[in-house]
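This note is intended for a colleague who is meeting the structure for the first time. Please read the points below alongside the sequence and the coordinates.

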Amino acid sequence: MKHTPKSPEPLDKLTGPTNFDQWNLRLYVAGKTTKSVAAFENLSKLCEEHLPGKYHIEVVDLLMHPQLAKGDQIVALPTLVRKLPEPIRRVIGDLSNVERTLVGLQLRPLQK
Amino acid sequence: MNKAKSGHKATPLALPKAGTGINGLDEITGGGLPRGRPTLICGSAGCGKTLLAIEFLVRGATEFDEPGVFMAFEETAEELAQNVRSLGFDLEQLAAENKLLLDYVHVERSEIEETGEYDLEGLFIRLGHAIDSIGAKRVVLDTIETLFGGLGDTAVLRAELRRLFRWLKDKGVTAIITGERGDGTLTRQGLEEYVSDCVIVLDHRVSEQYSTRRLRIVKYRGSLHGTNEYPFLIDENGISVLPITSVGLRQVVSSERISTGIPRLDTMLGGKGMYRGSSVLISGTAGTGKTSLAANIANASCLRSERCLYFAFEESESQLTRDMRSIGLDLAVWFKKDLLRLHATRPSAYGLEMHLATLHKLVTEFEPRMVIVDPITTFLGTSTSAETEAMLVRLLDFLKSLQITAILTSLVHSANTAEGSQAGISSLIDTWLLLRDIELGGERNRGLHILKSRGMAHSNQVREFLLTDHGVELKDVYIGPEGVLTGSMRLAQEAREQAARLDRQQEFDRRQRDVERKRLALEAQMGVLRAQFEAEEDELKRLLTGEQLAANTERESKVNMARSRQADELAQGPGTRPRPTRPQRARK
């Protein structure tokens with residue numbers, strides 16, 4: 001289940017690894033629950049806003065591919081895994097808290 | 001009921017159980033852990049939770065043909081495999097055979113950011129996938145509360161754990177969940193114990209420098225279980241729990257008698273020796289010959305070609321062999337023939353239950369007909385007497401149930417309290433031989449008597465116990481007006497008696513000779529008297545003959561005279577008959 005959203009639109013006001021030009025994000029969900037739908041919507045919105053054109057989101061439905069859970073050490077769902085840039089980061093939850101999500105993805109430095 | 005024969009639901013009355021295959025645990029739990037339900041194993045760090053869980057899986061895979069999933073939250077699969085290899089579990093091999101699946105769940109708080117709502121569905125999916133991929137019947141989660149360290153939302157976690165237990169039940173897997181012991185509660189979260197159907201608490205306690213692992217079943221829904229604390233230990237064969245074997249006294253006893261190897265002692269024991277499978281206690285103060293007596297009994301056992309297991313807590317094999325050679329027992333031969341096996345350890349080497357477990361293991365392995373523990377009292381140094389007693393009860397129960405004769409020696413510190421200080425085990429003992437010092441006349445000697453011997457008419461006598469160069473001997477002690485005499489005093493007394501006997505014999509001989517002499521004298525006297533009498537008789541005869549002669553002569557002369565005078569015929573010839581002559585004479 002791959003979603004490859006649109007819009008390559010540069011935005012270079014952020015610091016750190018944001019300069020990296022191909023963000024590889026993987027969102028693990030289990031079916032279409034409210035949480036997983038919310039997580040995907042929140043993530044898309046956030047990427048559009050902060051990483052236009054530099055990201056790639058892959059949604060993995062564990063109900064269909066349970067074997068993939070082991071590889072990324074998935075325990076909680078939904079989990080967003082930043083595969084690239086290194087190192088791997090994990091953000092769990094429905095990503096409703098934008099601030100924390102940005103911190104988790106290191107799109108914003110911790111504690112300002 | 002007819003259908004009930006196959007499958008796990010064999011007895012509809014009892015809760016179906018999954019055997020753990022762990023020594024002793026199945027006995028306490030009455031068959032194993034509740035099948036298809038979660039069991040919590042909790043305890044503090046290092047008490048063996050993980051190990052017990054792994055053994056449950058390994059035994060399940062190898063002995064019960066039930067594959068298992070191990071979900072580790074604290075150690076990686078490689079670490080786990082390494083850790084249990086020393087116990088003889090080859091996890092990699094089992095994994096290769098699809099009998100075991102190790103999944104390491106890594107939850108690191110610093111790598112995780114939480115934003116908004118989440119659940120643990122990922123864990124469920126992972127576990128479900130693992131279970132389905134090998135058809136697992138058993139699951140271990142070790143240690144699930146690590147999640148609480150990695151994730152922040154406790155409320156979610158608690159709710160999810162509850163759901164997990166439910167889910168495990170629905171899956172029908174027999175699960176073990178391990179948990180760290182919390183403050184005042186069985187687990188840190190105080191949750192798992194309520195949602196588990198069975199709770200086992202492990203404990204690692206140190207008392208007087210000896211550590212003891214213990215296990216207790218706190219709850220077991222729908223089943224009877226032992227409620228006590230049971231010591232358990234971890235050795236190269238995994239975990240062994242030591243239940244106090246049979247709760248009831250149902251052992252079948254033998255009425256076969258076996259010799260002690262000392263004929264006089266057999267005689268004292270109702271003439272036939274001790275019962276097979278009975279427990280014999282040899283107690284005495286230091287140096288009274290307990291070990292020698294025990295070795296003698298061991299020797300007798302080997303002579304019957306029956307294996308004997310000797311637990312020595314004071315001497316090594318070579319020392320015992322050397323020492324016993326001095327009393328004419330060659331134990332080396334039996335060692336070589338493997339009829340006698342010696343297990344020598346210091347009592348302080350490890351705790352009581354380890355000793356007991358070693359004993360169990362060796363007995364199972366060697367299958368002896370006799371077990372000697374020399375001495376049991378050294379255990380008193382390593383633990384309290386109540387524990388020693390409990391251990392001895394277990395030991396004797398175990399040996400009795402196998403009809404193995406148990407010979408225990410016990411060191412008594414003071415002769416005065418010989419009967420009283422036996423670690424309270426006298427009631428367990430069937431035959432009690434008491435060795436004691438008898439100090440008299442400037443020397444110590446050994447005395448033996450039978451304090452009790454169940455089921456036989458035994459001697460009430462004290463015997464002197466001698467260690468000679470051809471083994472143990474029992475001698476009668478001298479009991480006389482001067483009391484009980486032993487050793488050289490007995491010998492002296494015997495010599496005195498011998499002399500007195502000789503004296504009496506001589507006196508008798510002398511008397512006899514006297515009488516003989518008197519008889520002879522009497523006879524001699526009688527001879528003299530008879531001779532005198534005969535002489536008188538002779539004299540009388542002679543006189544009579546002379547008289548007759550004279551009479552004849554007179555008559556003849558008268559006849560001649562008559563004839564010369566031409567007188568009438570008076571008599572018919574010269575007859576000596578006086579009668580016819582008398583009238584003639586009278587007429588004259």
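1. How many helices and how many strands does chain A have? Chain A has 3 helices and 4 strands. Helices (H or I, at least four residues) and strands (E, at least two) are DSSP runs, numbered from the N terminus. Read from the N terminus on, the order of elements in chain A is β-α-β-α-β-β-α.

2. Residues are numbered from 1 along each chain as its sequence is written, and chains are lettered from A, with ligands numbered from 1, in the order in which they are written. The model is predicted: local features need pLDDT of at least 70 and side-chain atom pairs count only at pLDDT 80 or more, whereas totals for chains, interfaces and linings use all residues.

3. On confidence, the model scores ipTM 0.80 and pTM 0.66. The average pLDDT (the predictor's confidence in each residue, from 0 to 100) of chain B is 82, and 88% of the residues score at least 70. Residues 1–11 of chain B stay under 50 in pLDDT, and the model has 7 contacts beyond four places in sequence for them. Two residues are in contact if their C-beta atoms, placed from the backbone, lie within 7 Å. Where pLDDT is low, the predicted coordinates should not be read in detail.

4. Chain A comprises 112 residues, of which 36% count as buried, that is, with 20 or more other C-beta atoms within 10 Å of their own, C-beta atoms being placed from the backbone. Among contacts in chain A with a separation of 6 or more, 71% join residues 24 or more positions apart.

5. Where the two chains meet, chain A gives 29 residues and chain B gives 23 residues. On the side of chain B, strand E6 (112–114) and helix H5 (121–134) are the elements that give two or more residues. The largest share, 7 residues, comes from H5(B). This side of chain B divides into 9 nonpolar, 6 polar and 8 charged residues.

6. Strands also pair across the two chains, pairing being defined by at least two DSSP bridges. Strand E4 (residues 89–92) of chain A runs parallel to E6(B), joined by 3 bridges. Within E6(B), Ile112(B) stands opposite Arg90(A).

7. Chain B also contains a hairpin, formed by E11(B) and E12(B) with 2 residues between them. Strand E11 (residues 229–235) and strand E12 (residues 238–241) of chain B are antiparallel and share 4 bridges. Ile239(B) in E12(B) is the bridge partner of Ile234(B).

Definitions and conventions: Nonpolar A, V, L, I, M, F, W, Y, C, P; charged D, E, K, R; others polar. Buried ≥ 20, exposed ≤ 12 C-beta atoms within 10 Å, placed from the backbone.
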